[in-house]
Amino acid sequence: MSNKFAWIMSPNKDWEDKKELITTGLESGIDHILDLNDAENIRKVGNFNIISNNEDSDIYLIGIDGEGDNSYELESLNESQDIVKAKEAKNAGKVVCAYIEISDKLHEQLAVAIGKIVDYIILVGQDWTVIPLENIIADLQKEDVKIIAAVKDAEEAQVAIETLEIGTDGVIFEAKDFAQIKDITNLIESISSENYSLEDVTITNVKSLGSGDRVCIDTTTMMKPGEGMLIGSYSKAMFFVHSETLESEYVASRPFRVNAGPVQAYVMVPGGKTRYLSELETGDEVLIVDNEGNTKTSIVGRSKIEKRPLILIEAEFEGMKIKSLLQNAETIRLIDDNKNPISVSDLKAGDKVKAYIDSSARHFGIAIEENITEK
């Protein structure tokens with residue numbers, strides 16, 4: 001399941017009464033807020049993307065200003081003021097979000113029609129049922145639009161995000177209390193978490209090499225023992241490289257760090273994609289993986305490239321040959337078949353370690369079904 005997101009709809013309260021709710025939303029990871037009146041105050045709280053019908057908004061909103069199609073009985077799509085406004089705004093180069101209340105079949109059709117024009121569409125159900133949401137998701141699944149369901153709580157959010165397996169791309173809710181904000185953001189985080197099945201691969205050869213440019217990834221996350229990243233010279237097979245969470249007689253632990261590998265290696269990032277280690281910069285996202293294959297997203301705080309001695313790790317899985325390069329140091333560890341860290345300096349032929357095996361090849365970091373040979 002692809003990454004989901006949550007937006008906040010600013011509550012209809014005085015600024016002082018809603019300021020703490022908006023701050024809690026930002027602290028919980030929500031950086032988009034629908035607000036028609038308090039943009040200046042909101043920008044003082046933090047770096048939000050503001051969705052409103054004001055011309056200087058980050059995302060231009062149509063359909064909520066009392067003049068759109070939700071304010072009167074729509075008789076045909078040809079009469080839709082919102083479709084006209086959406087086309088005008090897109091032609092003017094704006095990022096556009098439509099707000100549609102699904103009150104009848106015609107408004108459902110309007111949602112599909114306008115969804116082919118705008119960047120985002122917020123769907124509001126007066127008496128919400130799953131059926132119209134299913135229809136709209138099915139009709140727009142091939143369009144380049146993010147579908148957002150208006151919900152009241154985490155229970156409604158889960159229904160929306162899991163509808164038709166694809167689900168909506170996100171949810172929006174009016175912030176009412178701290179517990180509601182936390183419940184919904186925790187749900188989004190858990191649903192968006194990807195899982196990678198880790199296989200036991202058998203080491204066939206370990207060989208010291210010369211020096212090369214190695215990338216060390218410092219993240220903004222304090223990792224625990226049993227966590228690391230998926231790293232590999234091949235996109236089809238990536239070793240579990242353990243974080244530097246363990247103490248050693250040579251260096252102190254650095255629980256925010258993964259000593260990843262040489263510049264040409266791949267690292268798994270959110271969305272089932274890969275990046276070259278050499279590409280990573282401050283602010284990029286990477287996936288932290290635990291020894292069960294569960295993941296969470298972390299942000300790169302720093303990426304260091306230094307010349308270091310390298311070691312070649314060769315393995316085999318069901319007739320597939322797997323190779324990767326890592327720094328040749330006692331502090332660099334993989335995970336063995338008992339889910340315990342093992343130093344590359346202790347590896348020998350016959351040992352089993354954890355790796356992710358991908359049956360798909362990749363182009364530009366995206367998995368596709370194609371035959372590609374990597375040696």
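These exercises walk through a predicted model, each with a worked solution.

Local features need pLDDT of at least 70, side-chain atom pairs count only at pLDDT 80 or more, and totals for chains, interfaces and linings use all residues. Residues are numbered from 1 along each chain as its sequence is written, and side-chain values use heavy atoms, with hydrogens and water left out.

**Exercise 1. Describe helix H4 and its N-terminal cap.**

Step 1. Helices (H or I, at least four residues) and strands (E, at least two) are DSSP runs, numbered from the N terminus. H4 covers residues 105-115.

Step 2. Check the cover. Eight of the eleven residues of H4 are buried. Among them are Leu-106, His-107, Leu-110 and Ile-114.

Step 3. Look at the N-terminal end. Asp-104 caps H4 there, with a side-chain oxygen 3.2 Å from the backbone nitrogen of Leu-106.

**Exercise 2. Count the aromatic pairs and work through two of them.**

Step 1. Rings of Phe, Tyr and Trp (its six-membered ring) pair if their centres lie within 6.5 Å; planes under 30 degrees apart count as stacked, over 60 as edge-to-face and the rest as tilted. The whole structure has four such pairs.

Step 2. Take Tyr-196 and Tyr-356. This pair is edge-to-face, at 4.9 Å centre to centre and 85° between the planes. Tyr-196 is in the loop between H7 and strand E9 (198-219), Tyr-356 in strand E20 (residues 352-357), and 160 residues separate them. Tyr-196, at 6% relative accessible area, is buried. Tyr-356, at 13%, also counts as buried.

Step 3. Look for a cluster. Ring pairs link Phe-5, Trp-7 and Tyr-120.

**Exercise 3. Find the volume and the lining of the largest pocket.**

Step 1. A pocket, on a 1 Å grid over the protein atoms alone, is an open set of points where a 1.4 Å probe fits, with protein on both sides within 12 Å along at least five of seven lines; lining residues have an atom within 4 Å of a point. A volume is the space filled by probe spheres set on the points, which are joined across faces, edges and corners.

Step 2. The largest pocket has a volume of about 1100 Å³. It is lined by 31 residues, and Asn-3, Lys-4, Gly-29, Ile-188 and Glu-285 are the closest to its centre.

Step 3. Find the main contributor. H7 gives the most to this lining, with six residues.

Step 4. Sort by class. Ala, Val, Leu, Ile, Met, Phe, Trp, Tyr, Cys and Pro count as nonpolar, Asp, Glu, Lys and Arg as charged, and the others, Gly among them, as polar. The lining has eight nonpolar, 14 polar and nine charged residues.

Definitions and conventions
Buried means under 20% relative accessible area, exposed over 50%, partly exposed in between (1.4 Å probe, protein chains only). A polar contact is a pair of N or O atoms within 3.5 Å; within protein, one must be able to donate a hydrogen and the other to accept it, and residues adjacent in sequence count only if both atoms are side-chain atoms.
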